[in-house]
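Hi,

Here is the structure I promised to pass on. Have a look at it first, and then read my notes below.

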Amino acid sequence: MSTSTVYAETGEFAVNDLAAGSEGTPDQKRFTPVQRPELAYTPEVAAATAEAYEKVKDFIPAIEWAALAPLVFAINKLKKERNAVILAHNYMTPDIFHGVADIVGDSLQLAKEAAKTEAEVIVQCGVHFMAETSKILSPEKTILIPDMNAGCSLAESITGEDVRKLREDNPGVPIITYVNTSADVKAECDICCTSSNAVQVVEAMGTDKVLLIPDQYLAANVNNQTDVDVLTYAGSCEVHERFTAEELREYRDIDPDVKIIAHPECPPEVVAEADFAGSTSHMIDWVKDNSPEKVMMITECSMADNVAASTPGVNYIRPCNLCPHMKRITLTKILDCLVDMSGEVIVDEGVADRARAAVERMINLKN
Ligand code: SF4
């Protein structure tokens, strides 16, 4: 008997049956074992999560939704009791993005929205530097991250001490940090930037030379768009640096009609092959504005799944590079951290004050 048949016949399908019962099918084995008796796929859960499922049904089979929906239901109930909001980065899996998130977007959008919310608790579904940025901008709020080990190859490529050394070696050169860095690094820099506004921030420094750290590829792409001499550091994103120009040319040879849009954390030769390059939020805007028949997003795998629900008629071709750090965040861990109020992110006050100054200088830049 299939699980969907069980639901149809009895009106209730206990997720625990999969964890504690038979060995199950390969599909069933993929489910996270759930030990809580309250997490059952009841008609109430099915009805409450139907709208979310409508958005993800192309990526999540019904049998898998039967295991995820009780978690979605429990999280949405508990977050109200905790006066919490859930922030989800564009790279979260669709069950999180469409099922439990209150605010979605890129890292800075999330932090800015977090500062505006009246909620006392923020659950940051993303990586650690994002949770730190939320704490920096909302020091009075409790910031939780469902997995403390959700790191980032880019953020971990540089420390505050490295920045102090760079400053000694480059006296008088403004240091701009990409937001994908720790609070310690932000605290040592003059100003932050995002992939959306990096060129604007570089030019706003009013110098003929700047240091833009730590992403060597973002810096190289910005350098190609400005007369300012952009120096950099040896950091990179392990997801975006894996794409190659040759791979993009091969995709185009197979399908000349496909539109290719790339994130500026990709190497410059990859960006040069793309029809458009921009931050995750700019990529979404580009697809909505241009409604291409077929588009390939050269960025983390979940982006296309998450955007697809709001761009009907666009066919996404998915060259899949997953971020292992982002994928540490799961519905089970989100529920656990809300139940236990665990995974609180703390930033030293002095560091937070200096890091906030760097973030706010960017936010306050005139357009
Ligand atoms: S996608 Fe790249 S920059 Fe983003 S969290 Fe993962 S490793 Fe870091």
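Let's start with Val 56, which sits in helix H5 (residues 50-56). Helices here are DSSP runs of H or I with at least four residues, strands are runs of E with at least two, and both are numbered from the N terminus. Before we go on: this is a predicted model, where local features need pLDDT of at least 70 and side-chain atom pairs count only at pLDDT 80 or more, while totals for chains, interfaces and linings use all residues. Residues are numbered from 1 along each chain as its sequence is written.

Back to Val 56: it is buried, because 24 other C-beta atoms lie within 10 Å. (Buried means 20 or more other C-beta atoms within 10 Å of a residue's own, exposed means 12 or fewer, and partly exposed is in between; C-beta atoms are placed from the backbone.) Leaving out residues up to four places away in sequence, Val 56 touches Pro 94, Asp 95 and His 98. Touching, or contact, means C-beta atoms, placed from the backbone, within 7 Å. Asp 305 is 249 residues away from Val 56 along the chain, yet their C-alpha atoms are separated by 8.0 Å.

Next, the sheet. It is open, with four strands in the order S12-S11-S13-S14 and parallel pairing. Strands S12 (276-277) and S14 (315-317) are at the edges with a single partner strand each, so one side of each has no neighbour in the sheet. Two strands pair if DSSP finds at least two bridges between them; S11 (residues 259-262) and S13 (residues 294-298) are joined by four. In that pair, Lys 259 stands opposite Val 295.

Now try helix H16 (residues 280-290). Which of its residues are buried? They are Thr 280, Met 283, Ile 284 and Val 287. Seen down the axis of H16, these fall within an arc of 100 degrees, so they line one face of the helix. (The arc is taken from the directions from the helix axis to the C-beta atoms.) They pack against S11, S13 and helix H17 (302-308). Just after H16, Ser 291 has a positive phi of about 40 degrees.

Helix H13 (residues 216-223) is mostly covered, with six of its eight residues buried. Its cover includes strand S7 (175-178), helix H12 (198-204) and S12, among others.

Key: Two residues are in contact if their C-beta atoms, placed from the backbone, lie within 7 Å.
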